[in-house]
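Hello,

Please have a look when you get a moment.

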Amino acid sequence: MTPMNPLPAIGVVFIVDDDISFLRSASRLLRAAGYPVQAFESAKKFLEQLSPEMSGCVVADLQMPGMNGLELQETLRKTANPLPVIFLSGQGDIPTTVRAMRQGAEDFLTKLSPKEALLDAVRRALMRDAQERKQRERLRNLRERFAALTGRELEVLGHVVRGRLNKQIAADLGINVRTVKLHRTSLTRKLQVQSVAELTKLVEESGLFKSDKVE
């Protein structure tokens, strides 16, 4: 089967289902559509080989012995690699569907849904994973930049993003204005920004001072 639109950046579709016959048929469908597939008979077996580098999405049965689909979703959310999850169920269950979607599921389908619905959900999930992976990588890079700052530079940074003037910062920290200027120059160099607006945007994006009360 050839998809109507170009595939998103290829990631692996991890199918988790204790129904071996369905596992095989879903794998055939997705491989025919051009997706790399890995199949697992239990959530436990899938999680045993999960690593931060793995990209893709998870297609999981809702009801499985041992760890069920919702428990798998919750476990994934707590890892460094929270892959998007698409649920498949033998029958519709509105409360469970609502819970799954609130926890971030990409879609919730029954096993009798049209094949096109599954393929569309997989396409969306893979695109979402690529976007979220890019965002996490940017956040890691930002935090590495902030980690290079000294304790005093972090103090000055906290005052700068609050809109404090150099003389106010100097008075608050008990240092002279020239020293404040030197720290600000170092901040812009290490964080690779040119203005206070850029600096503030980076701080907000990194969540560096999110627990602090802004004056």
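Helix α1 (20-32) gives the largest share of the lining of the largest pocket, 5 residues. The model is a predicted one, so to speak of local features we need pLDDT of at least 70, and side-chain atom pairs count only at pLDDT 80 or more, while totals for chains, interfaces and linings use all residues. Residues are numbered from 1 along each chain as its sequence is written, and side-chain values use heavy atoms, with hydrogens and water left out.

The pocket

The largest pocket holds about 210 Å³ of space. A pocket here is an open set of points on a 1 Å grid over the protein atoms alone, where a 1.4 Å probe fits, with protein on both sides within 12 Å along at least five of seven lines; lining residues have an atom within 4 Å of a point. The volume is the space filled by probe spheres set on the points, which are joined across faces, edges and corners. Among the lining residues are Phe22, Arg28, Leu88, Lys111 and Leu118. Two elements give two or more residues to this lining, α1 (20-32) and α5 (115-147); helices are DSSP runs of H or I with at least four residues, strands are runs of E with at least two, and both are numbered from the N terminus. By class the lining has 6 nonpolar, 3 polar and 3 charged residues. Nonpolar covers Ala, Val, Leu, Ile, Met, Phe, Trp, Tyr, Cys and Pro, charged covers Asp, Glu, Lys and Arg, and the others, Gly among them, are polar.

In one of them Lys111 meets Asp17, with the closest N and O atoms 2.9 Å apart. Lys111 lies in the loop between β5 (107-110) and α5, and Asp17 in the loop between β1 (12-16) and α1, so this pair ties together parts 94 residues apart in sequence. Lys111 is partly exposed at 24% relative accessibility, whereas Asp17 is buried at 1%; buried means under 20% relative accessible area, exposed over 50%, and partly exposed in between (1.4 Å probe, protein chains only).

Arg124 bridges to Asp107 at 2.8 Å between the closest N and O atoms. Helix α5 carries Arg124 and strand β5 carries Asp107, 17 residues apart.

Aromatic pairs

How many aromatic pairs does the whole structure have? The search finds 4, where rings of Phe, Tyr and Trp (its six-membered ring) pair if their centres lie within 6.5 Å; planes under 30 degrees apart are stacked, over 60 edge-to-face, and the rest tilted. Phe40 and Phe46 have ring centres 5.5 Å apart and planes at 65 degrees, so they are edge-to-face. Phe87 and Phe108 form a tilted pair, 5.9 Å centre to centre with 45 degrees between the planes. Phe87 is in strand β4 (residues 85-89) and Phe108 in strand β5, 21 residues apart. Finally, Phe14, Phe40 and Phe46 make one aromatic cluster.

Best wishes

Note on methods
A salt bridge is a side-chain nitrogen of Lys or Arg within 4 Å of a carboxyl oxygen of Asp or Glu.
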